[in-house]
Amino acid sequence: MKKKLVYLCCIFLIVGAVSAGAVGLAGNGVVGKDAGKSDTSGDVSEEFLVVTSFYPVYLLTCNLADGVPGVTVRNLTESHAGCIHDYQLTTEDMRLLSEADLFILNGGGMEAFIEQAAGLRADLTMAEASEGISFTDTASEHSHDHEEHDHAQAGGEDGAQSGVSGNGENPEMEHSHSEEGNAHVWTDPERYLMQLSNVTEALCEADPANEERYRENAKHYGDEVWLVGAELAQLRERAEGVPVVLFHDAFVYLADTLGMEILHTASLDEDTTISAGELAEMIEEMRYHGGYMIWEENDVNNPAGERLAEEVEGHIYELNPLTSGTSGASLSAYIDGMRQNIAVIKEALTDAGY
Amino acid sequence: MQWISEFLKYDFMKNALAAILIITPLFGILGTMIVNNKLAFFSDALGHSAFTGMALGVILGVSDTGISMVVFGILFALLLNYIRSRNTLSNDTVISVFSSVSTAIGLVILSRGGNFSKYSQILVGDILSIRPSEIVSLLVILIITILFWAVAFNKLLAMSVNVSLAKSKGIPVRRLETVFSVLIAIIVMLSIRWIGILIINALLILPAASARNIASNMREYHLFSVLIAVFSGVLGLVISYFLNTAAGPTIVILSGTIFFITLLTRGIVKQS
């Protein structure tokens, strides 16, 4: 027995030594991810640390904290992670949240791990970018609406989604957010401006010393976003009432801003595949309304979209839902992405004869 | 030793360490009898049935789905045991049918409306989010397991050698099997949220299987199983902290490594 215990201890020592070597090789500490910083100087612990939940919020916050001294912005998830409905906090995330002065999330049920984060530190200041913004239904609820709608009356009036002002005016602010709504609001510039305002207020409140700089940045970035909104408003004249099928929840707000008739929204973010029934429903909707346009996320394999395009002789257009970016993306990634989307939509409208 | 203070600087790491120090010996002890009684597939099926337990909790509006998971786990274990005892089909077939059907029911209910991503956390588990009150419930089940072991160990051992022999000695085989299955069900369901459906069985089986490679008697078997489980658990948690990897799978990789080392060297050890 003693010999065997010694033998077991030897195994433990070997495994332990190899593990220690692996940890040492990985950089003598916690392995970093592509956490971007608005200011890379100095020790993080001495700075005002703002942690964001995922790419769109991170990009927004980086724009607001750009050039503000002593402020570090870090993102929990990798920039290419995309939507984070099922994201799970890692040890590094927990560590980062333990040190954060302010945690900014998108809200609206997007971050399922929020409860875990809240339980981690009772004194963690959290701010939701989507606070007070109205949401449309989720993808599943969209399809449900369309199942029920009467084709005999569908003369283009069913395009407006509940909770959204289809005329491009201010979304209802008094609508408090629903946990089950579609929280991918950033593709609507007006809602994005509201997020901008919410995050600016949160930053100013948590770090009043730099309030002036945050507000300056907010005005500058807000002006650029406003210009994108103006371009969309111009495009609305051509796009209004044009039927479209969407393969991402984020496109709902973009299509709605343009006043388009959303026939169906299927989300590929989810872990479940699109059912045969849902695909058949999409085909029927497209045929009935003479739909041609299918929007899907760029660089995503979507056999259901291809099948749909073949069946109805439609065309797939790849748009950027702005849920992810490359590591170290520029601060203008949102503006650039939206302008690219506008260019693709213009091309699609021309192809479809509008 | 600076790394220890860094590691334990955060409350979530202290909680995770406490949970690991309870779960791993528990799994080490339980695993020995699961391996002996050839119940590895049974505990795996129980893990998969957690989906349905959680789904029923969601449908019934139970605020803590952990309760519905435990209740369903117990019912699942009892039903499975009953059907196995009727000897209509081979054990592995019955268990496989139960495992697949309960997984499918859970998936269908939880993915209604495309919301499965909300529940996918249970697949890999998350030991970092455990709270002190949940650690206490694990401690209670550890104590119950040790008491059960003290009372029923010899009888379970006789059953693992030969069921007919155990019956002839007056051991209530059916009743004991039922109690043991219920105990496995409770432990699996209470710890699945922290360990995850995909790897919970590996944590139950690997330490015991490694210990079996080198042990010559029951005392060694239990001692080695617990030591290997605790070592893999603590080291896995430390590595997951420094390498930013998921804790559960890291622990399984370590247990697996130890299993293969003991498997390759078992001849030398047993000869000596």
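## A parallel strand pair in chain A

Strand β7 of chain A, which spans residues 293-297, pairs with β8(A) in the parallel sense, and five bridges join the two. Within this pair, I294(A) stands opposite I316(A), a residue of β8(A). The model described here is a predicted one.

The two strands also belong to a β-α-β unit, whose helix is α10 of chain A, residues 303-312. The unit formed by β7(A), α10(A) and β8(A) is right-handed.

## The sheet around the pair

Strands of a sheet pair through backbone hydrogen bonds, in either a parallel or an antiparallel manner. In chain A, four strands form an open sheet with parallel pairing, and their order is β6-β5-β7-β8. The edges of this sheet are β6 (261-265) and β8 (315-319) of chain A, each of which pairs on one side only. On average, neighbouring strands of the sheet are turned by 30° against each other, with direction ignored.

A helix is placed against part of this sheet. Helix α9 of chain A, residues 276-289, lies across β5 (243-246) and β6 of chain A. Its direction is at about 165° to β6(A).

## The helices of chain B

Chain B contains 13 helices and zero strands. Its pattern along the sequence is accordingly written as α-α-α-α-α-α-α-α-α-α-α-α-α.

Chain B has 272 residues, of which 47% count as buried. Among the contacts in chain B with a separation of 6 or more, 75% are between residues 24 or more positions apart.

## A helix pair between the chains

Helix α1 of chain A (residues 2-25) packs with helix α12 of chain B (residues 218-243). Their axes are 11 Å apart and meet at an angle of about 10°. Because angles under 35 degrees count as roughly parallel, α1(A) is described as roughly parallel to α12(B).

On the side of α1(A), the contact is made by K4(A), L8(A), F12(A), G16(A), S19(A), A22(A) and V23(A). On the side of α12(B), the residues are E220(B), F224(B), L227(B), F231(B), L235(B), I239(B), F242(B) and L243(B). Sorted by class, the contact of α1(A) with α12(B) comprises eleven nonpolar, two polar and two charged residues.

How values were computed
Residues numbered from 1 in each chain as written. Chains lettered and ligands numbered in written order. Predicted model: local features only at pLDDT ≥ 70, side-chain atom pairs only at ≥ 80, totals over all residues. Buried ≥ 20, exposed ≤ 12 C-beta atoms within 10 Å, placed from the backbone. Contact = placed C-beta atoms within 7 Å. Pairing = 2+ DSSP bridges. Axes fitted to C-alpha atoms, helices over the stretch in contact; angles between N-to-C directions. Right-handed = clockwise from strand over helix to strand, strands pointing away. Parallel < 35°, antiparallel > 145°, perpendicular 65-115°, else oblique. Nonpolar A, V, L, I, M, F, W, Y, C, P; charged D, E, K, R; others polar.
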